[in-house]
Amino acid sequence: MSKKSVFIFLSLIILTAAFLRLWQIQSIPPGLYSDEAMNGSNALEANESGDYKMFYPENNGREGFFINIQALSVKIFGNEAWALRGVSAIFGILTVLGLYYLAKELTGNKRLALFSSFILATSFWHLLFSRIGFRAIMAPFFLTWAFALLLAAGRKNSWKLSAFAGIAFGLGFHSYIAYRAAPLLLIFPFIKLWKGGQKKIIAVFLLGAFIAAIPLGWYFLKNPSDFFGRTSQLSVFSSDAPLKNLAINSVKTANMLFFYGDANWRHNLAGSPSLWWPVGILFLIGFFWTIIRRKYLLLFLWLIVMALPVVISNEGIPHALRSIILIPPVMLFAGIGLEKTAETVNGWIKKQREKYPQYENQISRIRKELILFLFVFLAAIATTTYTKYFIRWGDNINTYYAFNGRASDIANFLNKVPPQTDKFVIVNVDGVKVKNIPMPAQTVMFLTGSFTEKGQAEKHFTYLLPSELEKIKCSETKNSCFIVSLESDAKLRDRVKQIQPGVRISVFPGFEMLYK
């Protein structure tokens, strides 16, 4: 392919990826899940205090790099859900570009690289997590670019590219706990570089990775309990039958690609396979072709090694989020499958021309029709993903509930209430506690800017547990207070009425609310 053709097609792919990841990001997904909101609350607190942490211990602990980038977005755009999710979208778009370069460096085939990046750009699996404010989206980004740059460094014998590759690889440790298995993937690239006498490339790579990872490593050295988080709680090896569960989890994880996927509406169109069935067939073609030819061993190692953190977990299998780091090799295998199918068809056409030269016009017409079919097929992949995400998933009531839609509606209403009016939010739901308040309250806290004590004081917010209703104090002034619970509870409202005579109920905002 000519450079001009590659540039045009790659530009179209990146534009497609950007459209799918940014279109209607203000409203889809609806609401804001509490894990996302916790990131946002930490971002607000960091902006207020100027203390941008290497690690945020709340909510079972999270590496701080992603949250600190979100803090910059929040500082610029305000405490909006899309300000958190827009950061994920950027990482998702750049991963599509990175996969093109990785595929090109790995296979030397530009058309195959374009196929792979297009399949990733239009992947529902990757699209969904590119529009949610979870730090895990950085894991495939850093690993894809690290290997693309490392392979390019080996080909060009460039220590500068190797330094950038090492930095990208090291920054990946700031992304997601599953990334910690990534060093095992360096085996094949390093063996090739070592045999080629490119030891300097290896040394520079390791130095760059060490420099990028050392701040977080130093933090864990001083806080070892944060390193393990809740991994030990979820490990399959803490179960009664670890080997059996490990085998079951492995089968379920492989099965999610083709038959039954993650049942969590926050991670998937519940139960649907991670790959649309024609893409699944292309994956299998690419997978078995590479096995037969014993090529691209890095991809096999990537699938096996990075699946380990998924299958040793004993919670929510199949789990699309924990499997996110498997997306690049899966899409690359599908790209290989599409390329080999195209090569087979081209080979058949060539044979027909040689065998039947008198039918050149008809064979040329068939070739054009097959090229048209290829573009129709690619358009069908994009259309199917658009329909699945924006219509079947985005408009589904289950998705609304999965992303704390009610809490978001409460926050949006309370944002319209004058700051000097007292607002009491009763957190009558369970969850990990942050500052003695269950996590689901984070949705309201972030969207109203009332996570910190300063924010609560300035905007007159009070967060209460159901056992603390006696703290509700409304003055006799008209519209002096609003009282709302995160979940509907008639008995709780009756108790509030007894404590605060004169309060009235309204469902005008779309949920039950007491006011005076």
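**Notes on the predicted model**

1. Let me begin with a loop: Lys435 sits between strand S4 (433–434) and strand S5 (437–438). Although Lys435 is not a glycine, its phi is positive, at about 55°. Its relative accessible area of 49% makes Lys435 partly exposed. Please keep in mind throughout that this is a predicted model.

2. A second residue belongs with that one. Asn60, also not a glycine, has a positive phi near 70°. Asn60 is placed in the loop between strand S1 (55–56) and strand S2 (62–63). With a relative accessibility of 37%, Asn60 counts as partly exposed.

3. Two peptide bonds deserve a look while you are checking the backbone. Ile28 and Pro29 are joined by a cis peptide bond, with omega about 0°, and Pro29 is in the loop between H1 and helix H2 (34–49). A cis bond with omega about 0° also joins Ile317 to Pro318. Pro318 has its place in the loop between helix H15 (297–311) and helix H16 (327–355).

4. Which residues have the most contacts inside the largest nonpolar core? They are Trp125 and Phe129, in a core of 103 residues. Helix H7 (residues 138–156) gives the most to this core, contributing 13 residues. A second, separate core has 36 residues, among them Ala37, Met38, Ile437 and Val444.

5. Leaving aside residues up to four places away in sequence, Trp125 touches Met256, Leu257, Ser274, Ala320, Ser323, Ile324, Leu326, Ile327, Val330 and Met331.

6. On the aromatic side, a search of the whole structure finds 44 pairs. In one of them, the ring centres of Tyr100 and Tyr101 are 5.1 Å apart and the planes meet at 80°, so this pair is edge-to-face. The two tyrosines have separate labels for accessibility: Tyr100 counts as buried at 3%, whereas Tyr101 counts as partly exposed at 34%.

7. Trp393 and Phe403 make another edge-to-face pair, because their planes are at 90° with ring centres 5.8 Å apart. This pair links distant parts of the chain, with Trp393 in helix H17 and Phe403 in the loop between helix H18 (397–402) and helix H19 (405–414), ten residues apart. Trp393 counts as buried at 0% relative accessibility, and Phe403 is likewise buried at 0%. Ring pairs also join Trp393 and Phe403 with Phe19, Trp23, Phe124, Tyr386, Tyr389 and Phe390 in a cluster.

8. Thr399 lies in helix H18 and is buried, with a relative accessible area of 0%. Its contacts, not counting residues up to four places away in sequence, are Pro30, Trp265 and Trp393.

9. Finally, the surface. Met1, Phe7, Ile8, Phe9, Leu12, Leu15, Ile371 and Phe375 form a nonpolar patch there, and together they have about 790 Å² of accessible area. Helix H1 (3–22) and helix H17 (360–393) each supply at least two residues of the patch, and the largest share, five residues, comes from H1.

Note on methods. Residues are numbered from 1 along each chain as its sequence is written. This is a predicted model: local features need pLDDT of at least 70, side-chain atom pairs count only at pLDDT 80 or more; totals for chains, interfaces and linings use all residues. Side-chain values use heavy atoms; hydrogens and water are left out. A nonpolar core is a set of buried Ala, Val, Leu, Ile, Met, Phe, Trp, Tyr and Cys residues joined through side-chain atoms within 4.5 Å. Buried means under 20% relative accessible area, exposed over 50%, partly exposed in between (1.4 Å probe, protein chains only). Helices (H or I, at least four residues) and strands (E, at least two) are DSSP runs, numbered from the N terminus. Contact means heavy atoms within 4.5 Å. Patches are made of residues with over 30% relative accessible area and no salt bridge: like charges are joined within 9 Å, nonpolar side chains (Val, Leu, Ile, Met, Phe, Trp, Tyr) within 5 Å. Accessible areas come from the Shrake-Rupley method with a 1.4 Å probe; for residues, only the protein chains shown count as cover. A salt bridge is a side-chain nitrogen of Lys or Arg within 4 Å of a carboxyl oxygen of Asp or Glu. Rings of Phe, Tyr and Trp (its six-membered ring) pair if their centres lie within 6.5 Å; planes under 30 degrees apart count as stacked, over 60 as edge-to-face and the rest as tilted.
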